[in-house]
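Subject: The structure I promised you

Hi,

Here is the structure we talked about, handed over for you to explore. Have it open while you read, and I'll go through what turned up.

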Amino acid sequence: MTTETANTESQAAASGAEEELDMTRACEIAEEEFGKQGPVIRVLQKVQEEYGYIPESWLPEMADILEVPLARIFGALTFYSQFYTEPRGKFVVKVCVGTACHVQGAKDILDRMKEVIGVESGGTTDDRLFTLEPVACIGSCGLAPLCLINTDTAAHQSPASMADMVQALADKEAQGGDEAGDEVAAAPTAAEE
Amino acid sequence: MNTATQVDTITVTINGETIEVPKGTRIIQAAQQLGVEIPTFCYHPRMLPNAACRICTVEVVKPMNKMFMACSTEMMDGMEVLTDSPRTLDDRRTNMDLLLTQHPLDCPVCDKGGECKLQDYSVKYGSSENPFETKRKDFPEDIRSTLLDFNSNRCILCGACIQVCTDIQKVDAIGFSKRGFITVVGAPMGEALDCEFCGQCMDVCPVGAITSRYSKYKFRPWQEASHQTTCTYCSCGCQYDLRSVDGEVSRVVPIEGVGPGEGSLCVKGHFGFHFMEDEERLTKPLVRRGDKLVEATWDEALTEAARGLMAAKTSGGGSALAGYVGGRLANEDIYLFSRLMRGVLESTNLDSTLRMGGINGVTAAYAATGQVGMMNSFDELRAADVTLLVGSDLTEEAPICGLAVKDTITRGEKPVLTVDSMRTEIMRLGSQRLVITPGSEVAVIKGLVKAVVDEGLIDEQVATRYPEAVAAIRDQLSGTYKEIETPTGLAKADIIEMAKAFAAGDKGVILAGPRVTGGLKGHSAFAMLIDLAFLTGNLSGNGGGVNALTVENNELGLALMGMAPELLPGGAPWSDSDARQQVADAWQCELPDFAGLPLVDQLEAMREGKIKAAYVLGTDPINALPSDMKAAASFGALDFLVVQELFLSETAKCANVVFPAQSYAEREGTFTNMEGRTQAIVKAMKAPGKARADWQIIMELSRELGGPLSYTSAEEIREDMAQLVPQFATLDETNADRAGGRQAALESYLDGAYVADMDYRYDLPAKLNEASSHEMHLYVGDSLFHSGVLSTHNWGLMKIDSVDTLVMNSREARKLKIREGDKVRLTSDQGSAVVPVKMDTRVQPGSLFFPKHALNRDVTNLAGTTISSATEGSAPLYKFVRVTLESVD
């Protein structure tokens, strides 16, 4: 029960931050999908594409627009791990920890990434530059050990090569960044309902 | 659906026994017919198979050899199934083992213990050793909601609770969240559950994952006594099992498949079982000594009451007496009261809460069909092809009738058309809606009839068979749509579109709520709806019909017992001299040929000293009526007042004698629900103190007065009643079962009185929606969590909803910078009231809603009561009020 208070506090803090977020575009997306067959997943994906994540506090509005019960939206949102309810980094580093990558040393890469990026699995850096995520099989076992940075594939990696790549991105960003990095991770369009 | 008439049957074999079943029968249904039990957690007879729990897996040996789920597999001709083969039992055991890897063994403290399917199946089909690794969940129990606790550790994720919430209740208050081992069921966003609290999720839960706080740790199923009885909160008349432990109510349990609700209950029936045990219940008779009411013996109180009533009769005859009854009373009580007042005390001034509008549904329906109450049963509502709901917030006023309409949406995918000034739940779920200016129901109804006539939507058979009746209606509708568009705020095209949608359905059902019958022209409005059904062929016995929705528990019983000056037992008008003579013969008394006074005139006669004594049962007019009706002054002017109640009501406080009555749970009797179905109540618990059954008190008073009433049981009274009103002879029969008699009456009506009745029907009232300096429309009406006074004596329901809150449109509130909980002042021509505000999209901008049960005097007194004309039921109209709203700092 002690965690409950902590949760409420962090939720309050999060919703405080979300209030500044302009959800107009999200509402437009929902309105475009209203009345179409099975709109929930599509709207969630598009909103995530637009904002990088799906602010939970917006869901009641989404339910109103789509005339879909909030319970069903929330169920879909929390079912799929591809949906994020917290802000994510500009670069999402995904380390595959599936069987093939595992035997090729994925754990070492993941551990090194935790050091370099400075967050635990699933965490995002305070400057919202990096998010680190172990993922189950990406389906390209021939490229093991495999990582993804946003949608770019990085095949046959080692802890050192990944560390270099991440460092390079961080450096580039410190110098003002470039166009390539502005493409925020799009959620892979996997299993629909 | 067309093939439904020629049902194909197939022959199937289960465990070697062969049976013929209709095509489409699923394995579990066929097994049930053979009395073969197949275990199941998620299957529910009223819902489509969810096939989630997989415990029902059985072995099919022919035509293929495979394991199939019994709940979802439709049988094929020649199919052979084994439900107890080694392979089936082996699979079942594995399923049990897998479920028990996670389920905690906290049965000793689980409310479900003793009636838990998991427990039972574990004994029957489980093994003593589990080959799988156990992994317990460790979620804290969610006890944040007022009523329902969620223990996710016990949950087996069968999904039945979510399905009942989505498919039957249709509120989608709960859902799954997350996935896999950490999946939980609950309200979305991790919030506390705050829903309609029908409790059906708990009812269908096969384990103890959802439990009621109101019953927690208070019972073990095997300790409970069980009593099937009838719910008294509204006119739906649901059947349930009232359970008690040592004479104290432990809980209410629905009975699957039984009664109007088929096993569904609403929050009031399910959790409002505390009023019987409320400390404020009257336990002893009270008599007035000076300005105080003091406790007395029954003998003292009865003698005093008889003396007071007799004194009035002696000085002014029967017309110096008046009686007023509420819908809480059982049929037997009402019958005896009618005999006492009319037969013994020779008074015709007998009225009831029917006067508030219900009377119009009664008289209009009786004139056309010779019956009172709904023409359709709830079963017919479920089977309707198209439903038209006018002037009713059905899910609040009659929640279980609302479920029947929701069922046409879920199971039948049929259109539901709504006309209302509020954006009701059914309106939001339905297919077509007309949102109207408050109080203009009568105009829309006229518009719909006009559209049917003008657009050539009249049923061909009706047009050929009844040309005169059709012509009579057509004559009334020569005007333009202008007189309809202006007061309702609607466009002609929308009205026509809805009329077309209604006429398109084969079986069209019309439901008319209190805002139709309780309107300025309530009788005419309902009669026009009968015309609408007639013209579209829905009075031909096709399963369609027109239905007045009654609000109070036994409102139909009041009508059937003729509890209004213009009515006789059976629903016939008082002016019908043959019917009157029949009653007089049965009662061996004289009945005068003049009708008595309706409530409003009674009140005036009291103030003028013409009525000197009154007897009030089961209703509290002083508290319920707005002050401009001067109820307090009227009853105060009496020489003598007798009140019979469960609680010391405001009216009781003015009485000379107060009789303590027994509640529905403490006595025998019957209630008649809105479908015309008469159902029994039983003695389930001891009455508090010396309270007696209403019929008993009336009988004893009659004895004191030298009257002839003498019965030993409620059953005996009912036998007597059945001689006058035959439908009391059979229990559990709806008006739909009596369609034959209705058809004959309708034919003779159309041949006779019909055209004459038409004269005033289609004239719209001049006062409809007239201009006012007060811009907003306030409606004081029924709400889901309460009904009348009883529910406010329920700590359970008061915990869920106790605040007298004004409901206003969310967008409008934001515009006026009013926030939830802020106080606002409402001002009308009569007065002002300060109340807190709640926001909802249920009311439209410009409208306000306030719950009737709250009996907030300031709000009630805002009303400027209009009395509708005698032909429109002499109803006091005070629920719609024009007000100005301003925020209070």
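Predicted model: local features only at pLDDT ≥ 70, side-chain atom pairs only at ≥ 80, totals over all residues.

**Where chain A meets chain B**

The contact draws 15 residues from chain A and 13 residues from chain B. Which residues of chain A lose the most area to chain B? They are Ala71(A), Phe74(A) and Phe79(A), and together they make up 40% of what the chain A side buries.

Arg179(B) lies over the face of its ring, 5.5 Å from the ring centre. Phe79(A) also belongs to a cluster with Tyr80(A) and Phe83(A), held together as a group by ring pairs.

As for salt bridges between chain A and chain B, the count is 1. You can find a salt bridge between the side chains of Arg72(A) and Asp172(B), at 3.0 Å from N to O.

**A quick look at chain A**

Chain A has 8 helices and 4 strands. Starting at the N terminus, the order of its elements is α-α-α-α-α-β-α-α-β-β-β-α. Of its 193 residues, 41% count as buried. Now take the contacts in chain A between residues at least 6 apart in sequence: 64% of these join residues at least 24 apart.

**A covered helix in chain B**

Next, find helix H4 (residues 160-168) of chain B. How many of its 9 residues are buried? The number is 8, so to speak mostly covered. The buried residues of H4(B) include Ala160(B), Cys161(B), Ile162(B) and Ile168(B). What covers them comes from both chains: included are helix H5 (70-79) of chain A and, from chain B, strand E7 (175-177), strand E8 (184-186) and helix H12 (399-410). Just after H4(B), look for Lys170(B), which has a positive phi of about 55°.

**Rings that pair up**

Over all chains there are 15 aromatic pairs. In one of them, Tyr121(B) and Tyr125(B) have ring centres 5.8 Å apart and planes at 50°, so the pair counts as tilted. Both sit in helix H3 (residues 117-125) of chain B, 4 residues apart, which puts about one helical turn between them. An α-helix has 3.6 residues a turn, so residues three or four places apart point the same way. Are these two tyrosines, Tyr121(B) and Tyr125(B), buried or exposed? Tyr121(B) is buried at 6% relative accessibility, and Tyr125(B) is buried at 11%.

Trp298(B) and Phe659(B) make a stacked pair, with 5.6 Å from centre to centre and 10° between the planes. This pair links distant parts of the chain: Trp298(B) is in helix H7 (residues 298-316) of chain B, Phe659(B) is in strand E24 (residues 657-660) of chain B, and 361 residues separate them. Both Trp298(B) and Phe659(B) are buried.

There is also a charge over a ring within chain B: the charged end of Arg515(B) sits over the ring of Tyr779(B), 4.7 Å from the centre.

**Domains of chain B**

Chain B is divided into domain 1 (4-84), domain 2 (286-358 + 556-726), domain 3 (375-548 + 746-761) and domain 4 (771-887). The C-alpha centres of domain 3 and domain 4 of chain B are 27 Å apart. Their contact takes 23 residues from domain 3 and 20 residues from domain 4, and the two domains bury about 1800 Å² between them, 55% of it on carbon and sulfur atoms. On the domain 3 side, Glu396(B), Met422(B) and Arg423(B) lose the most area to domain 4, together 33% of what that side buries.

How many salt bridges cross the interface of domain 3 and domain 4 of chain B? There are 2. Have a look, too, at the salt bridge between the side chains of Asp393(B) and Arg842(B), 3.3 Å from N to O.

**One last residue**

Finish with Ser338(B), in helix H8 (residues 331-344) of chain B. Ser338(B) is buried, with a relative accessible area of 1%. Leaving out residues up to four places away in sequence, Ser338(B) touches Gly343(B), Leu350(B), Met561(B), Met563(B) and Trp587(B).

Methods. Residues numbered from 1 in each chain as written. Chains lettered and ligands numbered in written order. Heavy atoms only, no water. Phe/Tyr/Trp six-rings, centres within 6.5 Å; stacked < 30°, edge-to-face > 60°. Helix = DSSP H or I, 4+ residues; strand = E, 2+ residues; numbered from the N terminus. Buried < 20%, exposed > 50% of the residue type's maximum accessible area, 1.4 Å probe, protein only. Lys NZ or Arg CZ within 6 Å of the ring centre and 35° of its normal. Domains from an automatic or database assignment. Contact = heavy atoms within 4.5 Å. Buried area = accessible area lost by both parts, 1.4 Å probe. Salt bridge = Lys/Arg side-chain N within 4 Å of Asp/Glu carboxyl O.
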